[in-house]
Amino acid sequence: MKTTDIYDKYILNTYSRTPISFVQGHGSELVDENGKVYLDFFPGWGVSNIGHTHPKVVEAIQKQADKLIHVPNSFYNSLQARLAQKIVETSFNSKVFFANSGAEANEAAIKFARAYGAGTRYEIITTSGSFHGRTMGALSATGQDKIQKGFEPLLTGFRRVAFNNIQAIKSELNDKTVAIMLELVQGEGGIRIAEQEYIREIRQLCHKFDLLLIIDEVQTGIGRTGAMYAYQHYGIEPDLMTLAKSLGGGLPIGALVAKASIADTFGHGMHGSTFGGSPLICAASLAVFEAIEEEEMLENAKKIGKYFVSELNKLKEKHKIIKEVRNLGLMIGVELTIPGKDIYEKCLEKGLIINCTSENVLRLMPALNITKSQIDEGLQIIDEVMKVIA
Ligand SMILES: *Cc1c(COP(=O)(O)O)cnc(C)c1O
């Protein structure tokens, strides 16, 4: 039986899948089972920020797999300790809880906020167009009807307001509000970037009313925007930050990072995860940080991001279907005047993997270590495809 047929028979039908089966990947290249090579401008939906099978990550996994893969959190493991230290040293004065995914990291943040509210305050203000994951709490926080539909009753205590609108937040504040939760760049929401002033005002509101500022950096974190964490572009610090996607170099991990001054909100027995922070995954994650630092990937992401966007803006002059190019570092959205599905499919035929989100936004998030010549190769394919479509 073909792989696709086995899927049809044995796998629940939750995804719309492209019928390609990859067997190998290195850096920004993927190879399918027929030997066709693809250039990957959307590695793992933001999981493989340092490219596929980075040698440092591979080596770390191989070495650690031989020693110890998992120990429960009722004991200590030095790799979890070192990874938490690394996250704190690259972010803000904080403490870390390890989970296994973005949704779980956000669940931890939601529980933390409820614990902080101590039974009297529990409402979290969220923004429309946001995406926080698919578990019941995270989906209740997500500001998109299409993700919530059919799963009611949702978890109560979320108030969804317009994004980039401080007034909308102010008018929902009440004596039950305990937190404001948002992404600085809405990824699934179409690369919508939070304005500087908006975030500064939110930070002030949070100080004034003792609210927790929860920043979901599941997609923006670990270098994607040219800074290790997107909040670093805004001159503020969150109270809670959630991480996942690229943190494990391809292995599943999530993290809640909580400001040190409030970290004791969680005490013994208040939260947990069987797999969270296992030695194997922490070893991989430490290798991710090492690779980013040693290979100066943040610098590259900034530089290449600028170049890529200026070239995309040249394409905008040429192709009237491009309405706007938006980016923070290598997190790039190309908004079209038409649906982007055809462009996604035609690029794929020509061996370029991109993503289309919010129907008409091409999402381009190449690896942080992508080269200029790979960007040029991808640009040429996008140009050719747009010529045919327009
Ligand atoms: C992907 C994503 C999530 C959910 O992560 P999972 O690991 O799929 O649960 C949450 N928030 C944001 C911003 C994301 O991009």
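The crossing of helices H11 and H12 is right-handed, a term used when the near helix is turned clockwise from the far one by less than a right angle. This is a predicted model, in which local features need pLDDT of at least 70, side-chain atom pairs count only at pLDDT 80 or more, and totals for chains, interfaces and linings use all residues. Residues are numbered from 1 along each chain as its sequence is written, and side-chain values use heavy atoms, with hydrogens and water left out.

**Helix packing**

- H11 covers residues 341-349 and H12 covers residues 372-389; helices are DSSP runs of H or I with at least four residues, numbered from the N terminus.
- The two pack at an angle of about 130°, with their axes 10 Å apart; axes are lines fitted to C-alpha atoms over the stretch in contact, and angles run from 0 to 180 degrees between N-to-C directions.

**Ligand surroundings**

- Residues around the ligand include Ser 101, Asn 106, Phe 131, His 132, Glu 183, Asp 216 and Lys 245, where near means a heavy atom within 4 Å.
- Helix H4 (residues 102-117) gives the largest share of this shell, 3 residues.

- A backbone N or O atom of Gly 102 is 2.8 Å from a ligand oxygen atom.
- For Ala 103, a backbone N or O atom lies 2.7 Å from an oxygen atom of the ligand.
- In Gln 219, a side-chain N or O atom is 2.7 Å from a ligand oxygen atom.

Key: Polar contact = N/O pair within 3.5 Å; in protein donor to acceptor, adjacent residues only side chain to side chain.
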